[in-house]
Amino acid sequence: MTLGFTLPDRFGSQALGGCYAPETLLQPLLDLEAAFRSALDDPAYRAELKGELRHFVGRPTPLTPAPRLAAQLGLKALFLKREDLTHTGAHKINNALAQALLAKRMGKHEIIAETGAGQHGVATAAACARLGLSCTVYMGVTDMARQAPNVARMRLFGAKVEPVEAGQGTLKEAVNEALRAWAARCDRAHYILGSALGPHPFPTLVRTFQTVIGEEARAQILEQAGALPEVVIACAGGGSNGLGLLVPFLGDTLKRIAVEAGGHGPDLGEHAARLDGGRMGVLHGCKTLLLQDDHGHTAETASISAGLDYPALGPELAALILDGQVEVRRASDEEALSGARLLCQAEGILPALESSHALALLPTLAAEGAATVLLGLSGRGDKDLSTYQSRSGL
Amino acid sequence: MNPLLPFLMAGDPSLEALPQLLAEAKALGLEAVELGLPHSDPIADGPVLQAAAHRAIQRGATPRRVLQSLAGITDSPDVVLFTYLNPLLQLGAAELKRLLAPTPVRALLVVDLPFGEEPAFEAELRAAGYPMVPLLAPTTTLDRARQILAERPDPGPGAPFAQRFAYVVARLGVTGTGQGLDLKPVSERVADLLRMTSRPLAVGFGLSDPRSLTAIRRLGATPVIGSALVQELAGGHGLREVLAPRLVDDL
Ligand SMILES: Cc1ncc(COP(=O)(O)O)c(C=O)c1O
């Protein structure tokens, strides 16, 4: 017998994903899947979402050619998919808004969210303000300190930001606390998970709401360049902007790359590169590649970017990587900072630290002979100014 | 009927204290205890058990050490191992069975393992004498409850309480003492379930004072005392001292 879900809940040859949730959350997850399916089938929901993405979020986002940076690196052409130009400044709003509309349809007027970099928290707070929903965001205390502008933005939008003291005070602990809060209030609250993680149906739901990135980008590059690029590349925390950009290119013959956070060293606890030292495990409701110790306890992680500082890779992206559809690379903290400097100086665009991990790989791709690259610029770097200042001696 | 199901966190106050705690529970006439395996990310636990798990991990209570410290213990009620899935998956079924064999563990309560998600793992453990305890939450519909009880079946009246009971979660949320649990919804839930099954029921989450424990017994179910006990033990109180007054009905 099965749990009663109707959408596929496992990914790839190793059947990653699943629904490893406490019993209290099973019925809410079943209800969420049903609501998601009915919303996708409902022209009124699709029209409302499309309208909001256009008029509130600012979609379609531009595909910006970056000729100076391309020339400097020895690439023939470089295109940036500008999620940094969305309202609130990162791809997170695509999912947050779509889920907030879904919650409203379900009659749930209380929203719970977790956030790492604060971009998902800000996006959720903005969507809730716009739709008249109440919003509580759980955020680790370390992240609150390093992404302080986003904490202020959430509060301005009327959200309650709940500091999470436990553990390292980063995204993992924020997800723990959000799951607990949802279990206590699941009769009236919807949990807007911010990445392609967690128990089914969240990974599928989030990926579905993010593929607008790749769908737009694919059409735009065909129109602007007349051909597909050789490489499509994005950074990967939980994997939502990565899947959003890469999934629409799965049928194409080109190189798809996800970049993980290499942190400041190769040992467990010094990075968030799940492909280097991660083993199959279960965290936050799904089975996937997980950084963990010999006892099955989740390992500590480190990254200069709060949004990539998470011990598990979303199950669908992990499956695509293990099955050879997506290649994985890593960029260290220092390399990410150099990546950001490259873009700032050559093109006048300040990227988020997360997105800078993808930028950091550009010199390597050029050295490997790539000619045309499409890069997912997942967010803008205003939230990271203090890190850029202190680490670049500005 | 088993009057009380206490919950202990392995390694808190210490692993060395565990044999004595189990012996005291046995001397009180209890049929079973739940023993928590400390986990790094206890998503179904409130602040008291989170803190206890954290202390236990700091003191080195790894899953392997916990199970090794239970080896050879016979002066104990049956132990229900309360745990999250990942540590068990990392040990693997074969190694887990080997570690469990010399212990008083008779069943597993895996908080984040719904039936059907790891069928081979679950079947192998059940065949070896370690069935998974069915969990029923306030959000579980009666249809789902019927399905869960069928998927994790009653081994029958000959089997001990630890292998037969279903765990009824008394309220939404996570473990913890909470305040003023409204007993009405759980009373109705227990009545519905008793019409559905002849297996014993335990009711937990948010219970601690003698009056609510008595109220659960009056429904025909075994109350679980968790966070309140763990907190008292961490504060230096004895198991007998905390539990004895809670075994007599408060009328
Ligand atoms: C700008 C930006 N990019 C990327 C990420 C990483 O998340 P994901 O892998 O889900 O896209 C985050 C997360 O906070 C982010 O804020």
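A residue counts as buried under 20% relative accessible area, as exposed over 50%, and as partly exposed in between. Keep that scale in mind, and remember that this is a predicted model.

**Stop 1**

Select D382(A) and R380(A). They form a salt bridge, with the closest N and O atoms 3.5 Å apart. Is D382(A) buried, partly exposed or exposed? Its relative accessibility is 43%, so D382(A) counts as partly exposed. R380(A) has a relative accessible area of 28%, so R380(A) is partly exposed too. Why can such pairs form at all? Side chains of opposite charge can pair when their charged atoms come close.

**Stop 2: where two chains meet**

Now show chain A and chain B together. Here 38 residues of chain A are in contact with 39 residues of chain B. The area buried between the two chains is about 3000 Å², and carbon and sulfur atoms give 53% of that. Which residues of chain A lose the most area to chain B? Select E23(A), R180(A) and H297(A): together they make up 23% of what that side buries.

Next, look at the polar side of this interface. The rule finds 23 residue pairs in polar contact across it, both residues at pLDDT 80 or more. Colour α1 (23-40), α8 (171-185), β11 (279-283) and β12 (286-290) of chain A; each supplies at least two residues to the side that touches chain B. α8(A) gives the most, with seven residues. By type, that side of chain A divides into 17 nonpolar, twelve polar and nine charged residues.

**Stop 3: bridges between the chains**

How many salt bridges cross the interface of chain A and chain B? The rule finds four. One of them joins R10(A) to E117(B), with 3.4 Å between the closest N and O atoms. Then zoom to D41(B) and K172(A), whose closest N and O atoms are 3.1 Å apart in a salt bridge. D41(B) sits in the loop between β2 (32-36) and α2 (47-58) of chain B, while K172(A) belongs to helix α8 of chain A. Both D41(B) and K172(A) are buried.

**Stop 4: two domains in chain A**

Colour domain 1 (22-53 + 91-207) and domain 2 (60-89 + 211-392) of chain A separately. Their centres, taken over C-alpha atoms, are 22 Å apart. The contact takes 33 residues from domain 1 of chain A and 39 from domain 2 of chain A. Between them the domains bury about 2800 Å², with 55% on carbon and sulfur atoms. Select H91(A), R146(A) and R207(A): they supply 26% of the area that domain 1 of chain A buries against domain 2 of chain A, more than any other three residues.

The count between these domains is two salt bridges. Now select D309(A) and R146(A), whose side chains meet in a salt bridge at 2.9 Å, N to O.

**Stop 5: last picks**

Select R185(A) and E110(A). Their side chains meet in a salt bridge, 3.0 Å from N to O. R185(A) lies in helix α8 of chain A and E110(A) in strand β5 (residues 110-115) of chain A, so the pair ties together parts that are 75 residues apart in sequence. E110(A) is at 24% relative accessibility, so E110(A) counts as partly exposed.

Finish with R59(A), K81(A), E83(A) and E216(A), which are linked in a network of salt bridges. Over all chains, the structure holds 41 salt bridges.

Definitions and conventions
Residues numbered from 1 in each chain as written. Chains lettered and ligands numbered in written order. Predicted model: local features only at pLDDT ≥ 70, side-chain atom pairs only at ≥ 80, totals over all residues. Heavy atoms only, no water. Contact = heavy atoms within 4.5 Å. Buried area = accessible area lost by both parts, 1.4 Å probe. Polar contact = N/O pair within 3.5 Å; in protein donor to acceptor, adjacent residues only side chain to side chain. Helix = DSSP H or I, 4+ residues; strand = E, 2+ residues; numbered from the N terminus. Nonpolar A, V, L, I, M, F, W, Y, C, P; charged D, E, K, R; others polar. Domains from an automatic or database assignment. Buried < 20%, exposed > 50% of the residue type's maximum accessible area, 1.4 Å probe, protein only.
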